[in-house]
Amino acid sequence: MMDVREAFLAFFESKQHERVPSSPLVPDDATLLFTNAGMVPFKSIFTGDIPIPANPRATSAQTCIRAGGKHNDLENVGHTARHHTFFEMLGNFSFGDYFKEEAIAHAWEFVTEVMKLPKEKLWVTVHESDDEAEEIWKKHIAADRIMRLGDKDNFWQMGDTGPCGPCSEIFIDQGAEHFNGPEDYMGGDGDRFLEIWNLVFMQYERNAKGELKPLPKPSIDTGMGLERATAVLEGVTSNYDSTLFMPIIKKVEALIGKPYVYATGASYRVIADHIRTVTFLLAQGTNFSNEGRGYVLRRILRRAVRHGYLLGFTKPFMFEVADTVAELMGKQYPYIVEKLAVLKEQIMLEEERFFKTIASGIELFNEELKNTKGTFSGEVAFKLYDTFGFPLDLTEDMLREKNLSLDVETFETLMSEQRKRAKAAWKGSGDAHVEGDFKTLLETFGVNTFIGYAYTKAPVKIQ
Ligand code: ATP
Ligand code: MG
Ligand code: MG
Ligand code: MG
């Protein structure tokens with residue numbers, strides 16, 4: 001089976017791109033929670049804040065997390081076949097060098113000649129205003145395979161601010177048997193048309209006021225999900241059925257001693273997804289905490305533990321699943337293996353903490369369900385949070401399974417009352433002006449030190 005990551009990087013090297021190692025998951029960018037795309041480490045080159053390197057072309061396989069902020073796929077995990085909280089994005093970048101013509105030609109060559117995907121299954125989309133991209137695509141693909149979509153699907157932006165531009169995406173038709181209705185069309189959430197690659201024509205920077213200003217030079221940023229590309233090449237329609245995930249699912253299966261069945265196996269898939277995120281974040285130095293990034297990490301672990309509990313686990317198990325992540329990914333990311341013993345211990349302790357309260361919490365939740373018609377009590381959600389360590393999103397996730405909503409307002413009121421009490425009790429804090437999550441983030445993590453983009457000279461520390 002083709003190693004897609006290596007094939008991609010080698011292909012773009014053969015087109016004069018510099019191979020750049022993956023940057024840290026916690027970016028040098030206070031506007032982002034995590035690196036959510038391959039372009040993040042290059043942001044300042046796109047915006048012109050950093051000079052264009054000697055070689056204006058780069059290629060990378062970037063580890064990404066989408067579990068917060070503008071691109072948040074946490075709620076999709078367990079529900080779709082193609083979203084992960086942690087994934088690798090394969091990308092090629094042009095910093096004011098080539099533009100649409102070459103970006104499209106390269107991508108087409110890679111999918112049809114290297115991946116050898118059947119042309120008759122491929123579709124592309126362009127932004128509804130982008131006649132130029134459509135004309136270029138017509139040189140490669142039949143005109144009726146090119147769809148025009150609006151900003152929601154074909155205008156890409158990194159976050160609320162930052163580089164952005166119209167984009168063009170490549171989809172593969174996974175077959176009419178996967179067609180379940182309109183949600184399956186391109187841009188929808190179904191399984192028939194799978195988005196594999198996004199080519200972004202970087203032309204603007206959005207500022208804090210929401211205005212678009214042109215970038216110094218039009219540039220290219222592309223992203224293809226390694227997990228989706230691998231699944232397609234392996235002939236499976238769910239990423240979770242690919243060789244990147246099945247060994248993790250098999251490990252969970254072996255630990256619990258119950259067979260995994262796709263139709264009823266969402267819990268196995270959530271665990272398989274979340275253990276990758278937890279393993280990578282811990283290996284890169286983010287720790288479990290009650291705020292900021294560390295709280296995202298804690299929430300992800302607890303969501304996975306709750307799914308483990310549904311499968312029948314009553315004591316720590318995730319730490320053992322981390323072994324499989326290291327087996328699968330340690331060659332590419334040796335720091336996982338180096339940190340494995342320590343991070344397993346961290347996971348085990350965090351699991352132990354939650355296993356102490358999870359049964360009582362779920363009992364309380366189930367009791368309350370009996371009294372619930374439509375909207376679940378905010379007071380009980382707060383008690384679950386405060387006494388049993390159930391993050392709000394975990395309770396919401398449990399309610400979603402029952403098609404119920406939550407009285408978030410009452411929950412928030414109780415939360416802010418608690419914060420006030422905590423503040424009053426904290427003598428001499430003197431931080432009356434602290435406001436908002438962003439402030440908390442900045443204070444917890446500091447402004448990231450800029451380490452520069454001198455990738456042509458110095459290797460980036462974390463791969
Ligand atoms: P989708 O519409 O499927 O949510 P997207 O449009 O949000 O994907 P982009 O921001 O365009 O994705 O990212 C570029 C590529 O990265 C996608 O084409 C896909 O291959 C991959 N990708 C994006 N999000 C995820 C994810 N959560 N898990 C795995 N791969 C992803
Ligand atoms: Mg998305
Ligand atoms: Mg999309
Ligand atoms: Mg996209």
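Four elements each supply at least two residues of the shell around ligand 1: β3 (86–94), β8 (193–206), β9 (212–225) and α6 (226–233). Helices (H or I, at least four residues) and strands (E, at least two) are DSSP runs, numbered from the N terminus. This is a predicted model, in which local features need pLDDT of at least 70 and side-chain atom pairs count only at pLDDT 80 or more, while totals for chains, interfaces and linings use all residues. Residues are numbered from 1 along each chain as its sequence is written, and chains are lettered from A and ligands numbered from 1 in the order in which they are written.

Strand β8 gives the most to this shell, with 4 residues. Of the 18 residues around ligand 1, D73, F87, N198, G223 and G225 come nearest; a residue is near a molecule or strand if its C-beta atom, placed from the backbone, lies within 6 Å of it. The shell around ligand 1 holds 6 nonpolar, 6 polar and 6 charged residues. Here Ala, Val, Leu, Ile, Met, Phe, Trp, Tyr, Cys and Pro count as nonpolar, Asp, Glu, Lys and Arg as charged, and the others, Gly among them, as polar.

The protein chain has 15 helices and 11 strands. Its domain bounds come from an automatic or database domain assignment.

| Domain | Residues |
|---|---|
| domain 1 | 4–233 |
| domain 2 | 245–368 |
| domain 3 | 371–426 |

The centres of domain 2 and domain 3, taken over C-alpha atoms, are separated by 23 Å. Between them, 11 residues of domain 2 are in contact with 15 residues of domain 3, contact being counted when the C-beta atoms of two residues, placed from the backbone, lie within 7 Å. On the domain 2 side, α9 (292–311) and α11 (334–370) each supply at least two residues, and the largest share, 7 residues, comes from α11. That side has 3 nonpolar, 3 polar and 5 charged residues.

Helix α8 (residues 266–283) packs against helix α10 (residues 318–329) at an angle of about 80 degrees, their axes 9 Å apart. Axes are lines fitted to C-alpha atoms, for helices over the stretch in contact, and angles run from 0 to 180 degrees between N-to-C directions. The two helices, α8 and α10, are therefore roughly perpendicular to each other (angles of 65 to 115 degrees). I271, I275, R276 and T279 of α8 meet M318, V321, A322 and V325 of α10 in this contact. By class, the contact of α8 with α10 has 6 nonpolar, 1 polar and 1 charged residues.

Conventions:
Parallel < 35°, antiparallel > 145°, perpendicular 65-115°, else oblique.
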